[in-house]
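Here are my notes for you to read with the model open beside them. Take the points one at a time and find each spot as you go.

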Amino acid sequence: MTEVIEEEDFQIPVNIITGFLGSGKTTLLNKWVNTEEFKDTLVLINEFGDVGLDHELVQAVDDTVVLLGSGCICCSLQGELIDSLTTNFIRAKKGLIPNFKRVLIETTGLADPSGVISTLAGDEFVMTYYRYDGTVTVLDGQFVREQLKNQYEAVKQIALADIILISKTDLIDSDEIDAITEVASKINPSARIYPMLKGNITPKIIEEIGPYKNSDHQNPDKVAAWLNIKDKTVASPFKPASVSNTIGVAKPRIIAHSNIESFCVSVSDPLDPLVLLSAISLVQEQYGDSILRIKGIVNIKDQEKPVVIHGVQGNLYPLTELDSWPDDDHDSKLVFIVRATVLEQIKYIFEQALKNPDESAIRYYQEVISNAEQINQ
Ligand SMILES: Nc1nc2c(ncn2[C@@H]2O[C@H](COP(=O)(O)OP(=O)(O)OP(=O)(O)O)[C@@H](O)[C@H]2O)c(=O)[nH]1
């Protein structure tokens with residue numbers, strides 16, 4: 001596991017800035033791009049239309065702002081995104097452009113961020129030199145509640161966010177900010193939500209985006225904040241008759257106007273890592289497209305330190321061991337954000353796989369681990 005973390009240290013973090021059409025993404029990017037925190041950042045801007053304008057609007061001090069062609073990187077331009085990440089990495093190494101230590105990708109307003117995340121995870125060069133570091137979603141304070149009624153993309157942009165920024169707070173009152181916060185946190189209970197006026201928000205929030213921040217990944221408070229299981233009703237065990245005593249499943253949070261729900265599985269007995277991995281891979285294989293997020297902190301058998309789980313759609317990111325637990329509660333907790341239509345199936349299959357592990361999946365993970373150990377020797 002240590003090797004995984006060391007490997008991540010040289011990988012360039014990639015953050016996605018998404019949000020519905022006109023929500024305020026470019027306004028935010030413009031504020032961020034010349035700050036100290038984003039000094040050495042490659043900015044990739046994607047927009048629809050024959051003539052891209054957003055990159056003209058982003059005032060960077062050098063030529064590290066790149067416009068990706070007309071079309072959408074979440075569906076038709078995946079190749080262009082990979083090309084851009086590959087060639088700019090090589091150009092920076094050759095000194096043709098300034099070296100960069102982070103990548104910000106601004107998606108189109110209609111993008112499904114999961115398409116971008118999957119693209120990042122699907123190319124060997126990109127996976128070697130870059131790592132997905134989280135998504136910032138900008139919500140249009142004036143229109144987001146309306147957009148959520150009709151636009152599934154807007155719902156997904158919230159579901160996949162690590163940080164949500166409510167823009168245009170000068171045009172709405174505090175009750176509306178509260179209402180948006182409530183709706184957004186129902187879709188995604190683990191995202192951190194901040195109001196924002198004209199793109200003014202400290203770039204330091206990027207440090208909160210995930211638990212994989214090189215030295216910061218060992219900070220248990222940050223992991224607790226990232227998991228953000230603040231509502232005890234979500235984390236507290238609710239035991240359906242079909243589930244063993246040691247596995248608790250919280251009542252799902254239902255979002256009336258969208259078809260995304262979240263639920264939390266909490267397990268009091270320490271988990272066998274092979275059983276856990278096989279259970280996760282089973283639901284991801286069968287319902288990858290419908291599982292928007294899996295986040296968790298897990299108590300592994302015979303191991304004092306907790307392990308953080310982070311999955312997006314069908315991808316599971318490397319498990320990271322923490323130095324200590326955030327508090328006295330050492331139960332494993334996994335938050336799933338899923339399509340409502342298949343929530344029950346996902347929950348059932350996951351619980352069953354924990355109780356009755358799939359032998360072939362366990363053998364597969366045993367082999368993966370022993371191969372990795374041989375390579376590391
Ligand atoms: N009043 C007000 N206007 C804002 C705020 N943030 C952004 N705007 C305006 O909203 C409009 C859209 O902002 P952009 O930053 O271009 O939005 P975007 O998400 O990049 O838009 P697309 O790329 O078209 O999807 C612009 O006219 C901005 O000036 C805000 O906090 N308050």
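1. Start at the ligand: one of its oxygen atoms sits 3.0 Å from a polar backbone atom of Gly22. Next, look at Ser23, where a backbone N or O atom is 3.1 Å from a ligand oxygen. With Lys25 it's the side chain that takes part, with an N or O atom 2.8 Å from an oxygen of the ligand. (A polar contact here is a pair of N or O atoms within 3.5 Å; inside the protein, one must be able to donate a hydrogen and the other to accept it, and sequence neighbours count only if both atoms are side-chain atoms.)

2. Which residues come nearest to the ligand? There are 15 around it, and the nearest are Lys25, Thr26, Thr27, Asp170 and Lys198. "Around" means having a heavy atom within 4 Å.

3. A word on the source: this is a predicted model, with local features needing pLDDT of at least 70 and side-chain atom pairs 80 or more, while totals for chains, interfaces and linings use all residues. Residues are numbered from 1 along each chain as its sequence is written, and side-chain values use heavy atoms, leaving out hydrogens and water.

4. Now the helices (DSSP runs of H or I, at least four residues, numbered from the N terminus). The axes of α12 (residues 273-287) and α13 (residues 343-355) come within 8 Å and cross at roughly 155°. Axes are lines fitted to C-alpha atoms over the stretch in contact, with angles from 0 to 180 degrees between N-to-C directions. So α12 is roughly antiparallel to α13 (the word covers angles over 145 degrees).

5. Compare α4 (residues 78-93) and α5 (residues 113-120): their axes come within 10 Å and cross at roughly 50°. The contact includes Leu81 and Leu85 of α4 and Val116 of α5.

Notes
Helices (H or I, at least four residues) and strands (E, at least two) are DSSP runs, numbered from the N terminus. Contact means heavy atoms within 4.5 Å. Angles under 35 degrees count as roughly parallel, over 145 as roughly antiparallel, 65 to 115 as roughly perpendicular and the rest as oblique.
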